[in-house]
Amino acid sequence: MTGAAEGQKERRDKGLFNPHWLISAFELNPVPPYQMKQLRSTVIRAGLETLYFSGAHHLLRPIFAGVGAIFMLHHVRPRDGRAFQPNHHLEIEPVFLRTVLSHLRAHDIDIVTMDEVHRRLTEGDFSRHFAAFTLDDGYRDNRDHALAVFREFDAPHTVYVTSDFAAGTGTVWWIALERAIANAGHVEAEIGGRMVHLAAKTPAQKQAAFDRLHDWLRALPGEHDVLREVSALCARHGVDERAICRELCMSFEELKAFAADPLVTIGAHTLTHANLAKQREDAAMNELCASRERIEATIARPVLHLAYPYGDRNAAGPREFALAKAAGYKTAVTTRPGMLYPESAGHLTALQRVSLNGNYQDARILPVLTSGAATAMWNGFRRIDAA
């Protein structure tokens, strides 16, 4: 598989809805990344709306709703008016979070901590449906915008912190890439042994350039390769990559106060946000253990829950699931889409989640998401995806 094809597959793994006929069509009839992304987004929305209007999600609910769900978020903040926002899928607006929480409360679904998820799965306590909320990376907007909404509903939630981001020394490279392209009229990079020149004057051209470079970066052999190439792009286009995590992420001092809130649980998201599957075993274990130790030293309480960076099949598989267990984590979450089922108790370090995707902030999709219908279709109607 080519690097671009691998990157496209990895990005599909982080999506919300994956009709297999559509993916086969993309692979047989390649289209430019920007057009493919737009087409995929259109088809995903059409699929979700079809499930909603047909009522098929009602039929699938008894089979695929499971016993609960873990919702995955990143940013929670008001949207700005920029035309070029390639990472928009990673953010939802506070009003949509409020809509989700209202929906769950109206349907008498318990909103629980990850400790309680662990207890219910291990003890087989499935008398009531439940949901947990998880937020990855440790962004400051989790405190500034999300916390107030969670407080309205007395809703606990877990924030998975990347230690280097909290220390102000990490690189949030997907944001750095976005800003470099935003500053550029054209971008060039050596891809596959040849120099590629990408126009970046219009929002559409910038989006196409981002998609091409993002897929290339994700397919590079190691995290150091990604950071090297992003650093070069930032240097050429006037972006201070190191300042981004200090701008966007909570510092350790801020986390100490944030963690004192009774609704907040702090989990680990590794030291550097590395793709663990591309690390040697000893390096991957250090990412898991040293991150937890740094966070525990700050907040003075145990850190028992983990989220894998990227979290798809190309970043977290059986070896990583075993390492997380050996490192002493009670649970670890992936980005593989799916609900929780009684048999999830046998895969506590490979738990599936349901993405609250910024591209689909529509109250109509909530009954579809909580029915398990969308994730079931993505998974080919398998309930557990932990291989």
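A disulfide is a pair of cysteine sulfur atoms within 2.5 Å, and by that rule this structure holds zero of them. The sulfur of Cys-245, for instance, is 5.9 Å from the closest cysteine sulfur, in Cys-249, which is too far for a bond. Cys-245 is buried at 0% relative accessibility, and Cys-234 is buried too, with a relative accessible area of 1%. Here buried means under 20% relative accessible area, exposed means over 50%, and partly exposed lies in between, using a 1.4 Å probe and protein chains only.

Before going further, please keep in mind that this is a predicted model, in which local features need pLDDT of at least 70 and side-chain atom pairs count only at pLDDT 80 or more, while totals for chains, interfaces and linings use all residues. Residues are numbered from 1 along each chain as its sequence is written, and side-chain values use heavy atoms, with hydrogens and water left out.

Let's take the whole protein next. Its secondary structure comes to 17 helices and 12 strands; these are DSSP runs numbered from the N terminus, with helices (H or I) of at least four residues and strands (E) of at least two. Of the 387 residues, 58% count as buried. The accessible surface comes to about 15,300 Å², and 55% of that belongs to carbon and sulfur atoms; the areas come from the Shrake-Rupley method with a 1.4 Å probe, and for residues only the protein chains shown count as cover. If contact means heavy atoms within 4.5 Å, then among contacts between residues at least 6 apart in sequence, 74% join residues at least 24 apart.

Now for the interior. In soluble globular proteins, nonpolar side chains tend to be buried together. A nonpolar core is a set of buried Ala, Val, Leu, Ile, Met, Phe, Trp, Tyr and Cys residues joined through side-chain atoms within 4.5 Å. The largest one here has 60 residues, and Phe-71, Leu-97, Phe-133 and Ile-266 are among those with the most contacts inside it. Beyond its neighbours within four places in sequence, Phe-133 touches residues including Phe-71, Leu-101, Phe-150, His-157 and Leu-356. A second, separate core of 36 residues includes Tyr-139, Val-187, Leu-217 and Leu-220.

H10 covers residues 203-218 and reaches 22 Å from its first C-alpha to its last, close to the 22 Å expected at 1.5 Å a residue; the expected span is 1.5 Å times one less than the number of residues.

The loops deserve a visit as well. Val-112 lies between strand S4 (110-111) and helix H6 (114-123), and at 7% relative accessibility it counts as buried. Val-112 and Phe-130 are 18 residues apart in sequence, yet 6.7 Å apart in space, C-alpha to C-alpha.

Another loop, between strand S9 (264-268) and helix H14 (281-299), holds Thr-270. Phi of Thr-270 is near 75 degrees, a positive value in a residue other than glycine, and Thr-270 is buried at 1% relative accessibility. His-273 is found in the loop between S9 and H14 too, with phi near 65 degrees and a relative accessibility of 5%, which counts as buried.

Finally, Asp-164 in helix H8 (residues 163-167) brings us back to where we began.
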